[in-house]
Each structure stands twice: as C-alpha cells, then as structure tokens.
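Notebook open. I want to look up how two parts of one chain meet, and what the meeting is made of.

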Amino acid sequence: MIFWRRIKMVEKYEESRLYQLRHSAAHVMAQAVLEKFPEGKVAIGPPVEDGFYYDFDLPRPLTPEDLEEIEARMREIIKANEPFIYEEVSADQAREIFEDQPYKLELIDGLEEGGVDEHGNPVDEKPVISIYKSDTFVDLCRGPHLEHTGQINPKAIKLMSVAGAYWRGDEHNPMLQRIYGTAWLSPQDLKQYLQFLEDAKKRDHRKLGRELDLYSISDAVGSGLVLWHPKGAMIRYLSERFWEDEHLQNGYDLVYTPHIGKADLWKTSGHLDFYAENMYSPIEIENQQYFLKPMNCPFHIEIYKSDIRSYRDLPLRYAEMGTVYRYERSGVLHGLMRVRGFTQDDAHHFCTPGQMPEEIDFVLSFSLNFLRSFGFNEISAYLSTRPEKAVGDPERWQAAEAALEASLKRAELPYEVDQGGGAFYGPKIDLKIKDALGREWQLSTIQFDFNNPERFDMSYIEEDGQPHQPYMVHRALLGSMERFFGILIEHYAGAFPLWLAPVQAVIIPIADRHVDFARAVMADLKAAGLRVKLDQRSDRMNAKIRDAEKQKVPFMLVVGDREMENSQVDVRRRSGERLGALPVADFKALALKDVAEKLVG
RNA sequence: GCCGAUGUAGCUCAAUGGUAGAGCAAUCGCCUUGUAAGUGAUAGGUUAUGGGUUCGAUUCCCAUCAUCGGCUCCA
C-alpha cells in the first residue's frame with residue numbers, strides 16, 4: 001500500500017541502463033519460476049519504480065522458501081552469461097511460440113489489433129511484435145534488454161515479496177501471483193535502497209503512533225475509526241488553531257455543518273447516483289432517510305443558497321474542518337492514511353467569472369504558505385485538464401484551466417500537466433510535497449466544480465440585475481487531518497517541531513531534594529504557555545533523559561544543586577546538543593522565540 | 001472486496017495435543033543520582049472470537065473478526 005512515490009534521479013527511466021537491467025532481471029526470474037513450475041503460466045513482467053515484478057499463474061501459492069530458491073537459481077542463470085536475443089515475429093508465429101501461454105495469446109491479439117503494447121498500455125502506433133530469448137526462456141517483449149544475463153550483478157538483486165494482483169489490473173479478472181524484486185547497478189545501490197526501506201519502516205506512523213502514544217484504532221470501535229490520544233490531539237489542536245487563524249486572516253468565513261443530511265440532498269448533489277457504494281447505509285427516522293456525509297460540499301452550498309447573493313457579496317469563502325464518513329473496503333484501510341471517518345480541511349470558494357483568476361492566484365499562494373509553515377518546502381504540482389466526458393460550459397473549462405496554469409507559473413512551481421486527467425466536473429491542481437526521506441505525497445487539491453452549481457441551481461445577481469451562475473472552487477490544503485497527521489509523523493519521524501510538540505520540555509530533577517524547585521520552574525514555564533512535564537520518578541537522571549529522548553521531547557531541563565542555587569536549568573536538546581545552564585527566564589525566551597517562528601528541528 | 005501471511009501479557013517475542021514463559025513497560029520498596037537503561041520484589045494471559053475433532057485444544061480443522069504485504073479503489 002503505497003501512498004507516496006520516490007523521486008527518480010534518472011530523467012528518462014525508460015531509456016536508462018537501470019531500466020534494462022530490471023527488465024532483464026524480470027526475465028531471469030520468470031525463467032527460474034518456470035523451471036520450478038513447468039506448467040506455470042506467465043503474464044507480464046515490467047520494471048517499476050524501485051525494481052521489477054512478474055505475474056504468474058501457478059498451481060500453488062508461493063512461500064518465502066520458494067522465493068529463496070528462485071533467487072538462488074537466478075544467480076546461476078546470471079552466472080551463465082546467457083545472451084538476450086531479439087527477434088521480430090508475425091502474430092501467427094508468436095501464437096505458435098506461446099501456444100501454452102493463454103495470457104500471452106491475449107496480449108498478442110491486442111498487439112495485432114494495435115493501439116496497445118505488450119503490457120496492454122495504450123500506444124499511438126501499431127507495435128512490431130517481437131520476442132526476447134534468453135537461455136530456455138522466451139518472452140513476448142519489446143525490450144530493450146542487456147546483452148547477456150552476466151551484466152546483472154548477482155549481488156545487486158533481491159526478491160522482495162509475493163502478492164496477489166489481478167490480470168490486467170481488473171478485479172473481475174483472475175488473480176495472479178506477483179513476485180516483486182529489486183535490482184540495482186551495484187551492491188552498494190541495493191544496500192542503500194534496503195537502508196532506505198528500513199529508515200522508512202522506523203518512521204512508520206503506525207509504529208510511532210503507538211510508541212509516542214499519539215493515536216490508536218480499537219477493534220471495539222471499528223476499523224478505520226481513529227481515536228486521537230491526548231498527545232496526538234494536542235498536535236491536531238495546534239494545527240487546527242493555526243489553520244483557523246490563517247483562514248480568518250485571509251478572507252475566509254468559518255462554518256460548521258452537521259454530520260448527516262436527508263436523502264434528497266444527496267440525490268440533488270448526485271452522490272446517491274454516483275457515490276452510493278462509498279456511503280454508509282441510511283438512518284431512517286420519521287419516514288425520512290438520512291445519510292452520513294461523505295463530503296461537505298452540499299452543506300456549504302446550502303449556506304450559500306440561504307440568501308440571495310449579489311456580485312458585491314462575492315467572493316465568498318467558506319471553510320470548515322468537516323468530518324466525513326466513507327465506507328472503504330476492508331482491504332484498503334491503512335493506519336491514518338486510509339480510514340473510514342476523517343476530517344477534511346475543506347473550503348469552498350464562490351466567485352464571479354471576473355474574480356476567478358485572482359481567486360485562483362489567492363488560493364494557490366495561500367496553500368503554499370500554509371504547507372511551508374509545516375516544514376514542507378519542496379512542493380510541486382499536477383494540473384489536470386478536461387476529460388472527454390465532462391459537464392459544464394467548455395468556455396468556463398478553458399478559462400479555469402488557463403487561470404490554474406497562469407497561477408502555477410506566477411508561483412514558479414514545477415508542474416506537470418495531466419491532459420484529460422480532470423474529474424468530469426472540473427479541472428484541478430494537486431499539490432505534492434516531498435518529505436524528509438524524499439518521498440512525494442499528494443496533499444492539497446484545488447478543484448473547480450461545474451457540476452454542483454448547476455445541480456443546485458446556484459446563482460448571484462450581476463450588475464445587470466440578472467441571475468448568473470457563480471464559479472465554485474473546492475479545495476483542501478492538508479487533505480484530511482488523519483492522513484496529514486500520518487504524513488507529519490513520518491516526515492518528522494515523531495520529532496515534531498517545538499510549536500507542535502505535545503510536550504515541549506521535560507524537567508528532570510537529579511534528586512528528590514530538587515523536586516520543589518523543579519515544580520516552581522514548571523509553574524513558571526507553564527504560565528508562559530509552554531507545555532512542560534516534570535519527571536519525578538525515583539529513577540536515575542540518565543534513565544529519565546533516555547525516556548525523554550525516546551519520546552522525542554524537544555528540551556530536557558536538568559535541575560540539580562547548582563541550578564537550584566542559581567535559579568537555572570541545564571538545557572539539553574533531543575539532538576543531544578547541550579546548551580548548558582541557563583537562567584530560567586533565558587530558556588523561556590529561547591523556547592517562546594522558537595515557537596513563534598515555527599522553527600523546524 | 002480479492003490473493004497471501006499473521007493473531008500468545010501494555011509492547012517486542014518464546015513454548016507446547018496434557019490449561020503458558022522471557023525482556024522491556026507497570027506497581028511497591030531500596031538507592032539520591034550530573035546528560036541515553038542503578039537495584040530488589042510484586043502483579044499481569046478464558047493464548048482474537050465462535051464452532052468442530054479429541055479423554056483432553058492455546059497447539060489440529062472450519063468459520064468469523066482484525067492486522068500486515070500487495071491488487072483494485074482513494075482524502
């Protein structure tokens with residue numbers, strides 16, 4: 001379950017030697033698997049981001065021992081320096097070669113018809129049918145490959161896991177067994193990659209969430225329903241207060257809306273027609289059906305519609321931490337990243353066509369500033385444009401896309417255009433941030449909606465005295481508080497910046513006689529608004545420091561005889577850095593300054 | 001939802017067809033400590049839940065639930 005992407009160093013991966021290497025490794029693996037299971041059927045085996053996979057239809061499930069055996073056999077094949085031999089064939093010749101391979105036969109049909117490559121991906125031209133032979137293995141394949149298997153470094157490959165995958169990615173098709181492997185140019189690269197995986201594992205928000213007592217998910221409550229513990233709740237509280245302040249200072253109005261709404265509302269919005277499978281079953285009372293809200297939009301629209309709007313009232317910006325419930329299939333739930341009840345930092349903008357470009361400019365720069373406040377400085381964007389099937393006035397689409405692109409250019413943001421990738425109801429910008437490990441996560445979305453204004457018959461009165469349809473923009477900066485929290489945990493590896501740290505400092509008295517002084521220091525710091533705890537267990541100072549360190553508390557304040565005498569605290573950062581003994585007032589000033597500046601680290 | 005794996009103390013893990021143990025954490029003492037683990041004792045488990053096989057199940061079988069790795073889908 002990958003919610004993030006690694007940034008590729010190679011500009012054109014498909015043309016790189018690494019790509020060839022991985023593709024070749026996939027063939028070697030397929031050969032090893034077929035030797036072990038001669039009756040096995042092969043599907044496809046392409047390189048992927050950090051390695052490669054191959055899908056098989058095999059008589060029995062593979063075990064970890066099988067993988068070891070296959071990997072060992074791969075090394076033998078590599079050692080044999082088997083050449084990869086390219087050959088172009090006709091469709092009929094190909095059918096003969098792969099007569100026992102039904103999946104390949106299906107691919108050959110596709111190739112012959114044209115329009116798709118040997119992996120079933122759409123291509124412009126009708127591809128040439130080609131095969132690659134190496135040793136005993138023949139594959140329907142466009143290549144390119146290495147010259148021979150010996151160019152694969154046997155110490156730079158590793159089979160990672162086996163998993164189920166649907167033939168051609170369609171859940172109505174049979175499920176195949178997919179073996180994931182990784183392959184690198186050198187053993188050092190492999191080692192580095194495995195190290196990366198381990199680092200990522202250490203940061204896993206599910207692990208840190210428990211260790212730092214941030215949140216839990218209880219069987220008794222239900223899957224995908226998050227319980228925010230006091231420390232996690234503090235981080236959310238601080239994030240939300242900041243969020244509210246920023247919105248109020250930037251022309252938003254805060255609104256609150258209920259968690260359920262009548263069936264008719266969801267009928268009007270189209271959710272019951274197009275989104276029903278993700279909605280919880282209705283609650284019935286007094287002959288009315290109510291649904292838990294999967295989105296906030298209809299409520300904000302109803303607020304808009306509660307009065308007649310003039311062009312003078314626009315733009316209107318309604319913002320809400322809106323908690324929604326979506327039924328997610330059991331297999332997709334994942335810690336905080338994918339849950340069934342979550343709070344979106346939602347907002348809807350309503351404006352006139354004339355205001356629209358400026359409104360987009362505003363929302364983009366507002367988003368960027370906001371993300372930077374949380375320590376995300378590397379941001380890039382996706383611009384998704386009109387798909388073939390779309391609702392709304394084409395002129396409006398064009399204007400909206402132009403405004404989105406112009407804003408991206410003004411913001412000097414790197415972006416990619418996903419032609420036709422927009423939703424049927426409007427174009428959008430998605431913002432991606434890069435975390436401390438270089439992983440990319442999609443957070444913000446700024447999305448036009450040409451559907452709802454129509455469905456809800458929204459209007460404002462223009463200068464001409466006539467009703468006009470407003471532009472509606474939906475946006476979320478953090479996405480959902482749950483997912484954002486998960487990303488934040490992993491980005492900081494649990495070591496939150498001072499302004500977000502649930503406990504900012506732990507006071508560590510050396511002996512019992514220092515506890516009274518420690519209490520006085522704590523009261524002083526708390527009065528200044530700092531979140532401070534006193535560790536008065538009868539453990540040794542070293543043990544208390546170790547615990548505070550493990551809890552990633554930003555400051556440890558040691559107080560002993562010397563400090564007590566001089567009204568000082570001995571300040572240690574969680575990094576291990578010693579700031580030495582400081583007067584309590586100096587520490588207070590230092591900490592408050594860091595908080596105010598939202599310093600990271 | 002699908003494929004595969006897993007489910008034993010708060011956490012990380014052992015063990016067994018004859019009703020379970022360790023380390024850490026917790027609790028209670030002793031020690032009163034100078035920048036990542038002082039020390040002793042105590043307590044803690046219907047072995048996920050429900051069935052079945054068996055003289056006997058935590059262990060074997062089935063179902064359910066949950067979690068993990070993927071697929072599909074997504075904030």
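**Domain 2 against domain 3**

I looked up the C-alpha centres of domain 2 and domain 3 and found them 40 Å apart. Five residues from domain 2 and four residues from domain 3 make the contact (heavy atoms within 4.5 Å). The bounds come from an automatic or database domain assignment. In chain A, that assignment gives domain 1 as 4-202, domain 2 as 210-257 + 293-492 and domain 3 as 505-596.

I noted the ground rules. This is a predicted model, where local features need pLDDT of at least 70, side-chain atom pairs count only at pLDDT 80 or more, and totals for chains, interfaces and linings use all residues. Residues are numbered from 1 along each chain as its sequence is written, and side-chain values use heavy atoms, with hydrogens and water left out.

Domain 2 and domain 3 bury about 340 Å² between them, and carbon and sulfur atoms give 56% of that. Leu212, Met234 and Leu238 supply 73% of what domain 2 buries against domain 3, more than any other three residues.

I counted zero salt bridges between domain 2 and domain 3 (a side-chain nitrogen of Lys or Arg within 4 Å of a carboxyl oxygen of Asp or Glu).

**Helix H7**

Which helix gives the largest share of the domain 2 side that touches domain 3? H7 does, with three residues. H7 (230-248) has 19 residues and reaches 26 Å from its first C-alpha to its last, close to the 27 Å expected at 1.5 Å a residue (1.5 Å times one less than its number of residues). Helices here are DSSP runs (H or I, at least four residues), numbered from the N terminus.

Definitions and conventions: Chains lettered and ligands numbered in written order. Helix = DSSP H or I, 4+ residues; strand = E, 2+ residues; numbered from the N terminus. Buried area = accessible area lost by both parts, 1.4 Å probe.
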